[in-house]
Amino acid sequence: MKLKLRIWRQPNPEAKGKMVSYVLDDVSEDASFLEMLDVLNEQLIADGEDPVAFDHDCREGICGACSLVIDGQPHGPQAATTTCQLHMRKFRDGDIIDIEPWRAGAFPVVKDLVVDRTAFDRIIAAGGYISAPTGTAPDAHAAPIPKQDADAAFSAAACIGCGACVAACPNGSGMLFMAAKVTHLGLMPQCQPERATRVLGMVAEHDAAGFGGCTNTGECASACPKEIGLDVIGRLNRDFRKAAARAA
Amino acid sequence: MSANEYYTDGDPVADTKAPAGPISERWEQRRFSGRLVNPSNRRKLRVIVVGTGLAGASAAATLGELGYRVSNYCFQDSPRRAHSIAAQGGINAAKNYRNDGDSVHRLFYDTVKGGDFRSRESNVHRLAEVSTEIIDQCVAQGVPFAREYGGLLDNRSFGGAQVSRTFYARGQTGQQLLLGAYQALERQVAAGTVELHTRHEMLELVVVDGRARGIVVRDLVTGETTTEIADAVVLATGGYGNVFFLSTNAKGCNVTASWRAHRQGAYFANPCYTQIHPTCIPQSGDHQSKLTLMSESLRNDGRVWVPTERGDERAPGDIPEAERDYYLERRYPAFGNLVPRDIASRAAKAVCDEGRGVGPGGLGVYLDFADAIARLGEDAVKARYGNLFDMYERITGENPYERPMRIYPAVHYTMGGLWVDYDLQSNIPGLFVTGEANFSDHGANRLGASALMQGLSDGYFVLPNTISDYLADGPFEAVADDHEAVAAARASVNERVEFFLNNDGDRTVDSFHRELGKIMWEYCGMERTDEGLRKAIGLIRDLKDEFYERVKVPGTGAELNQQLEKAGRVADFFELGELMCIDALHRAESCGGHFRAESQTEDGEARRDDERFSYVAAWEFAGEAPVLHKEDLEFEYVKPTQRSYK
């Protein structure tokens with residue numbers, strides 16, 4: 001199929017970026033979206049132009065590296081699918097496709113479609129863990145966990161840290177990401193001692209990093225490739241209110 | 001006397017740290033004999049850890065908890081993206097929670113046998129011992145393993161094991177284990193014991209007075225190269241499957257850290273041992289950039305078949321039962337569809353070579369769930385494999401509930417790696433190697449659900465205990481930034497970068513990588529021959545020359561330049577690929593993931609040659625012709641037998 005691509009080009013963080021058009025004549029519908037960009041880059045290099053920089057690694061939907069806004073939607077048109085798992089058969093011959101980076105105050109552009117997401121790591125460092133130094137663990141069966149809690153914890157833990165939730169949110173909020181971790185850990189009995197300090201620490205770091213507040217638009221959950229639901233944000237808010245009241 | 005003209009023989013190499021005595025006491029004995037570092041002295045010692053996968057993040061976090069000063073590097077934008085994240089199936093541990101006869105000794109036995117008697121008994125026994133502590137540790141970190149209704153942990157049988165010892169978290173076990181390690185790591189970052197450097201790639205090892213003392217890293221965003229000095233260096237940089245271009249590895253996986261260390265003197269052991277995974281989604285065209293694994297657990301319920309007649313182009317549903325060949329069930333009645341990975345892969349290649357393959361190019365076999373759906377119902381099949389079926393449909397556009405999946409083998413894991421002793425120390429003092437990057441525990445073939453076990457065993461429990469014996473002699477003398485060795489390492493990195501940027505070429509890095517991958521897959525893939533390997537060495541050398549002549553790298557060195565990153569990695573893959581072929585050529589036996597066509601039984605099964613090849617091949621870099629150092633393997637507890645899955 002023949003495609004016209006309009007891609008955000010920005011040589012470095014300080015430069016002013018712009019959309020640049022490219023035409024690809026012969027794209028296989030079996031190719032993945034990133035493979036289509038590989039083909040474009042091979043063509044650009046052959047023509048002596050600078051190839052398009054984009055983050056990617058596992059290309060099987062689990063590492064969370066790929067991060068493209070495709071036609072205005074983080075990870076593109078297919079629900080529950082990361083950019084790397086999106087295939088060209090979802091597009092039609094003659095389509096014009098806009099490709100942009102995540103856009104959020106807390107995720108500055110590094111180059112072209114690559115953004116800096118280290119703010120997510122800082123949020124985890126501010127409390128998204130259990131203090132269990134190596135060697136201190138009791139037997140794994142010491143504390144049974146009801147299956148429904150374990151399953152719910154798993155569903156929240158499925159977050160891949162890609163940041164689509166932030167890119168989709170009109171406020172650039174990282175609430176869904178943070179709430180997924182708070183929910184995962186909050187459902188585990190071994191996580192209770194740090195439950196209050198965790199949520200206070202993470203929220204403080206989230207706000208300091210420049211993420212916006214949550215106004216319940218729900219865009220985050222619909223963009224999430226791992227289908228993490230809005231309910232986790234309710235849980236985060238309850239934990240936060242309790243912890244803040246106790247700390248006050 | 002070397003067996004061919006491509007290498008020369010050197011002195012044997014021995015594992016001088018391996019304790020003697022009863023095997024079940026060796027690890028305890030080594031922990032006692034190894035020297036310790038006083039807690040107040042630990043903060044004076046700096047350790048560099050390269051890599052943030054299971055083996056790297058767990059080591060960095062644990063060393064930080066112990067009080068060492070740790071600097072941790074990864075090329076990804078976040079430590080959580082390391083490729084351990086993609087492991088699907090599970091992690092083995094000898095907990096015997098099922099009361100089905102499992103034990104540390106049985107896990108040890110299965111792993112030595114599964115490795116086709118090419119691993120060290122002492123190392124494997126330690127791995128089996130430590131396995132139970134790993135599960136405890138991960139649960140304490142909040143890893144959401146699958147549980148039963150009673151609230152206790154669920155287990156499954158995996159990869160043909162006769163006991164249920166595999167712990168799992170749906171199809172995302174690697175992700176959950178890595179997030180556990182990553183969170184422990186971030187906790188140490190907050191505590192100030194670990195300094196984390198993301199988007200930094202190690203491009204050289206710095207060796208001063210015979211000790212590994214640091215690394216040269218390039219900041220991938222600014223392009224700046226700096227030298228980092230420490231008292232010890234740990235490489236946890238993963239495997240080298242991407243030498244094949246198409247593999248199940250992430251695109252960024254590379255051998256550069258290991259290879260630069262190899263060029264500085266570290267031995268590279270058993271490079272030809274590669275694992276080809278039987279259940280991957282076949283290639284769909286020339287644009288293909290990687291292959292996607294479908295969990296091995298699918299073989300528990302799926303039946304593998306191809307048409308009886310070659311060139312049968314009918315849709316699978318139109319082929320009657322009598323005209324289907326369930327070749328695994330036919331050839332291996334005892335294990336059927338659950339034979340080990342190497343056997344299932346080779347059998348798939350054999351039927352495709354006969355012209356009975358299905359799908360584009362005839363490179364695929366069917367994995368059919370019709371019987372399972374009839375027996376269990378679609379809902380039950382969906383509950384077990386739903387996410388995998390969805391993934392298959394996203395990639396191929398075909399619905400596996402209605403039409404059998406097409407699968408084909410793909411490179412998945414590399415058992416070879418840098419040579420290490422029992423302490424996980426390479427032959428360069430101060431250079432330690434953990435996880436897939438070392439060669440130590442899987443022999444010639446890795447069992448399913450053992451990679452996660454080894455990565456975490458090395459990082460949480462083994463390395464933090466063994467490295468103190470080395471660090472007890474530290475802190476070592478300060479190394480100035482203008483020291484001869486430092487300046488030389490940095491100059492070699494800068495020269496290489498400048499070369500690529502200034503080369504007046506006309507071919508892209510990827511075009512060379514693809515071509516190299518094809519040579520490796522054709523001649524050093526599932527089946528290897530003397531003639532083919534010799535041919536491959538010639539082809540690789542010619543292509544390497546052409547690479548240096550014609551490769552074109554756009555952009556500058558002072559910015560994010562992904563083509564430049566790739567160029568350096570592919571340059572190292574050329575040299576590794578050649579060594580893999582030389583290793584495969586010299587090992588004129590079939591064992592595990594290494595199948596030599598000349599060494600097979602009358603019915604086409606692998607024939608090992610213990611008389612001649614019961615050793616680890618540790619290669620020393622010496623320019624064109626590497627030097628072979630042999631480490632003899634001894635089996636006191638598990639007597640070598642030919643594997644049989646009939």
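## The loop around B:Pro475

In chain B, B:Pro475 sits in the loop that runs between α12 (451-471) and α13 (484-502), where helices (H or I, at least four residues) and strands (E, at least two) are DSSP runs numbered from the N terminus. The peptide bond that joins B:Gly474 to B:Pro475 is cis, with omega at about -5°.

This is a predicted model, in which local features need pLDDT of at least 70 and side-chain atom pairs count only at pLDDT 80 or more, while totals for chains, interfaces and linings use all residues. Residues are numbered from 1 along each chain as its sequence is written, chains are lettered from A and ligands numbered from 1 in the order in which they are written, and side-chain values use heavy atoms, with hydrogens and water left out.

A:His75, although not a glycine, has a positive phi of about 70°, and A:His75 belongs to the loop between β4 (73-74) and β5 (96-101) of chain A. With a relative accessibility of 1%, A:His75 counts as buried (buried means under 20% relative accessible area, exposed over 50%, and partly exposed in between, with a 1.4 Å probe and protein chains only).

B:Arg170, in the loop between β5 (166-167) and α6 (173-191) of chain B, likewise is a residue other than glycine with a positive phi, here near 40°. B:Arg170 is partly exposed, at a relative accessible area of 41%.

## Helix packing in chain B

Helix α3 (residues 54-66) and α6(B) pack at an angle of about 35° with their axes 8 Å apart; axes are lines fitted to C-alpha atoms, for helices over the stretch in contact, and angles run from 0 to 180 degrees between N-to-C directions. The residues of this contact (heavy atoms within 4.5 Å) divide into 10 nonpolar, 3 polar and 2 charged, and those from α3(B) include B:Ala57, B:Ala61 and B:Gly64, while those from α6(B) include B:Leu178, B:Ala181 and B:Leu185. In this classification Ala, Val, Leu, Ile, Met, Phe, Trp, Tyr, Cys and Pro count as nonpolar, Asp, Glu, Lys and Arg as charged, and the others, Gly among them, as polar.

Helix α1 (residues 26-33) of chain B packs with α12(B) at an angle of about 40°, their axes being 9 Å apart. Here B:Trp27, B:Arg30 and B:Arg31 of α1(B) meet B:Phe461, B:Val462, B:Asn465, B:Thr466 and B:Asp469 of α12(B), a set that divides into 3 nonpolar, 2 polar and 3 charged residues.
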